[in-house]
Amino acid sequence: LSVFRDGYEIGATAVLTGHGDKPTPLGVFPITEKDRDHVSNLYDAPMPYMLRLTNDGVAIHATKVENGYITRGCVGVPDGFAKKLFEEAKLGDRVIVTDGKTMGLGDKIV
């Protein structure tokens with residue numbers, strides 16, 4: 001995950017993503033909700049520093065990335081990075097989710 005502000009990268013980290021029948025969706029998503037101490041109502045799992053991307057539960061949130069788990073479609077980031085991202089992110093900020101192949105820097109983003 002790379003974080004940009006005014007065209008400059010201000011942070012980057014390794015992430016965990018969804019897999020199998022629960023892949024992380026590709027596309028452009030606005031941050032629609034922020035919740036520092038969120039708990040998933042679908043999986044009863046903690047999702048600290050949650051930044052909601054979709055109405056069906058996909059979000060960026062803190063997780064133990066170093067353990068190498070997968071998510072149920074979310075983007076999991078290390079705890080310390082998630083806290084900083086949560087503080088920096090604003091409602092309405094655009095999040096671009098790509099697999100590195102289907103959306104390049106030259107692609108038009110509306």
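Two strands pair if DSSP finds at least two bridges between them. Helices (H or I, at least four residues) and strands (E, at least two) are DSSP runs, numbered from the N terminus. With that in hand, I60 stands opposite V75 in β7.

This is a predicted model: local features need pLDDT of at least 70, side-chain atom pairs count only at pLDDT 80 or more, and totals for chains, interfaces and linings use all residues. Residues are numbered from 1 along each chain as its sequence is written, and side-chain values use heavy atoms, with hydrogens and water left out.

**The whole chain**

The protein chain has one helix and eight strands. Along the sequence they follow the pattern β-β-β-β-β-β-β-α-β. The radius of gyration, taken over C-alpha atoms, is 13 Å. The globule rule (2.2 Å times the number of residues to the power 0.38) also gives 13 Å for 110 residues, so the chain is as compact as a globular protein of that length. Along its principal axes the C-alpha trace spans about 40 × 30 × 25 Å.

Of the 110 residues, 35% count as buried. Buried means under 20% relative accessible area, exposed over 50%, and partly exposed in between (1.4 Å probe, protein chains only). The accessible surface comes to about 7100 Å² by the Shrake-Rupley method with a 1.4 Å probe. Carbon and sulfur atoms hold 53% of that surface. A contact means heavy atoms within 4.5 Å. Among contacts with a separation of 6 or more, 54% come from residues 24 or more positions apart.

β6 is covered on both faces. A59 and H61 are buried on one side, I60 and A62 on the other.

| Strands joined | Bridges | Direction | A facing pair |
|---|---|---|---|
| β5 and β6 | two | antiparallel | L51 and I60 |
| β6 and β7 | three | parallel | I60 and V75 |

β5 and β6 form a hairpin with six residues between them. In the turn, G57 has a positive phi of about 105°.

**Helix α1**

Which residues of helix α1 (residues 79-88) are buried? They are F81, A82, L85 and F86. These residues cover an arc of only 135° around the axis, which puts them on the same side of α1. The arc is that of the directions from the helix axis to the C-beta atoms. An α-helix has 3.6 residues a turn, so residues three or four places apart point the same way. On the other side of α1, K84 and E87 are exposed. The buried residues pack against β1 (2-5), β2, β4 (33-39), β5 (46-52), β6 and β7.

T71 sits in the loop between β6 (59-62) and β7 (75-77). Is T71 buried or exposed? At 10% relative accessibility, T71 counts as buried. Its side chain reaches the backbone nitrogen of G18 at 3.0 Å. A polar atom of the T71 side chain also lies 3.2 Å from the backbone nitrogen of G73. A polar contact is a pair of N or O atoms within 3.5 Å; within protein, one must be able to donate a hydrogen and the other to accept it, and residues adjacent in sequence count only if both atoms are side-chain atoms. Leaving aside neighbours within four places in sequence, T71 is in contact with L16, T17, G18, H19, K22, T24 and G76.

Y8 lies in strand β2 (residues 8-12). Y8 is exposed, with a relative accessible area of 63%. Y8 and L51 are 43 residues apart in sequence and 21 Å apart in space, C-alpha to C-alpha.
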